[in-house]
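Hi everyone, thanks for having me.

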Amino acid sequence: MYFCTMRSNKFLISIFVVCFIGLLSCNKHAQLLKSTDNELKYQAAMSYYEKKDYNRALQLFDVLQAAYRGKPQGEEVAFYTAECYYNMRDYEIASHYYKRFVVNYPFSKRAESSLFRSACCYYLESPKVSLDQTQTYTAISELQNFLDLYPQSTLIDSANVIMDTLNYKLQEKDFNTCMLYYKMDEYQAAIASFESFIKEYPTTPHREEVINYMVLTYYNYAQNSIESKQRERYELALEKYNTLTYMYPDSKYVKSLEPIVNKINQELTNIKTK
């Protein structure tokens, strides 16, 4: 019983000490914010930043923005303000401050990396494929702007890798849209989407699959068309099938489409004999 009481007391004392230290720290920080000693604030902000206490560092950097505007320390304050937001994962605001840094300090040694970071913020905000891709398009545009301004940058490879990732996401988004039209039996929309997709992404890994679905779409379209339109659509289905066999002779889709092709040929024969 005595042992349990001792442990309980030690635990309470530990909590008290932690709370007391935290209270002192809060008071010290509050005093710093009210202080007129900007150099002290700057040193404290950098110390907070190095300790990854970005929230407190940011509070001090924000106060120092006006005080150091036009002064040598102003560049450091502006840069680390952006860095704090970035490390706190507030990417939208971080991008704003990185851009502002580049505008205010275009010849800074950090201007290049700041513009790159600004573009990366949009990349990090890019949502999953099923959602609206506005941020993805913006990220690609921002990265392209970076590449145009810094064509010799050591960050070019990183920028290109990120752009490839973003473009692949857009490609998957468009492919899913094509497949949605196909599954909904929206034949005209599906065909137009498949054609546009192949034109937009000529090297897509989905090309073989898309041609397969174009055969199926034209076939289903013909099946559900008036007689005067059937022949043309069956022939377009065969044309896509021939494209598939020419480009991908060993494709798994060639074999799976053979029953459909046989039906198409039979339908065309029936049309010609009428």
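Okay, first things first: what you see is a predicted model. So how confident is the prediction, going by the mean pLDDT of the chain? The mean is 90, and 87% of the residues reach 70 or more. There is a stretch to treat with care, though: over residues 16–25 the pLDDT is below 50. Beyond near neighbours in sequence, that stretch has 1 contact in the model.

Now, the secondary structure. How many helices and how many strands does the chain have? There are 12 helices and 0 strands. The chain has 274 residues, and 41% of them count as buried. And if you take the contacts with a separation of 6 or more, 54% of them come from residues 24 or more positions apart.

Right, on to the helix pairs. Let's take H8 and H9. Helix H8 covers residues 156–183 and helix H9 covers residues 187–200. Their axes are 8 Å apart, and the packing angle is about 155°. Are they roughly parallel or roughly antiparallel? An angle over 145 degrees counts as roughly antiparallel, so H8 and H9 are roughly antiparallel to each other. The crossing of H8 past H9 is left-handed.

Who actually touches whom here? On the H8 side you have Gln171, Asp174, Phe175, Cys178, Met179, Tyr181 and Tyr182. On the H9 side they meet Ala189, Ala190, Ser193, Phe194 and Phe197. Sort the residues of that contact by type and you get 9 nonpolar, 2 polar and 1 charged.

Let's zoom in on one of those, Phe194, which sits in helix H9. Buried or exposed? Phe194 has a relative accessible area of 0%, and the cut-off for buried is under 20%, so Phe194 is buried. Leaving aside neighbours within four places in sequence, Phe194 is in contact with Cys178, Met179, Tyr182, Val210, Tyr213, Met214 and Thr217. Take Met214 from that list: it is 20 residues from Phe194 along the chain, and their C-alpha atoms are separated by 7.0 Å.

Helix H10 runs over residues 207–223 and helix H11 over residues 227–247. They pack at an angle of about 160°, with axes 8 Å apart, and that makes H10 and H11 roughly antiparallel to each other. H10 passes H11 in a left-handed crossing. The contact includes Ile211, Met214, Val215 and Tyr218 of H10, and Tyr234, Leu236, Ala237 and Leu244 of H11. Taking the residues of this contact by type, there are 13 nonpolar, 3 polar and 4 charged.

One more pair, H6 and H8. What is the packing angle between them? It's about 20°, with the axes 11 Å apart. Angles under 35 degrees count as roughly parallel, and H6 and H8 are therefore roughly parallel to each other. H6 passes H8 in a left-handed crossing. Phe116, Cys120 and Tyr123 of H6 make the contact with Ser158, Ala159, Ile162, Thr165 and Leu166 of H8. In this contact of H6 with H8 we have 6 nonpolar residues, 2 polar and no charged.

Ser108 is in the loop between helix H5 (91–104) and helix H6 (111–125). At 13% relative accessibility, Ser108 counts as buried. Not counting residues up to four places away in sequence, Ser108 touches Glu75 and Phe101.

Next, Arg89, in the loop between helix H4 (72–87) and H5. Its phi is near 65°, a positive value in a residue other than glycine. Arg89 counts as exposed, at 65% relative accessibility.

And then Asp185, in the loop between H8 and H9. Asp185 is not a glycine, yet its phi is positive, about 60°.

How values were computed: Residues are numbered from 1 along each chain as its sequence is written. This is a predicted model: local features need pLDDT of at least 70, side-chain atom pairs count only at pLDDT 80 or more; totals for chains, interfaces and linings use all residues. Side-chain values use heavy atoms; hydrogens and water are left out. Axes are lines fitted to C-alpha atoms, for helices over the stretch in contact, and angles run from 0 to 180 degrees between N-to-C directions. Helices (H or I, at least four residues) and strands (E, at least two) are DSSP runs, numbered from the N terminus. Angles under 35 degrees count as roughly parallel, over 145 as roughly antiparallel, 65 to 115 as roughly perpendicular and the rest as oblique. A crossing is left-handed if the near helix is turned anticlockwise from the far one by less than a right angle, and right-handed if clockwise. Contact means heavy atoms within 4.5 Å. Ala, Val, Leu, Ile, Met, Phe, Trp, Tyr, Cys and Pro count as nonpolar, Asp, Glu, Lys and Arg as charged, and the others, Gly among them, as polar. pLDDT is the predictor's confidence in each residue, from 0 to 100. Buried means under 20% relative accessible area, exposed over 50%, partly exposed in between (1.4 Å probe, protein chains only).
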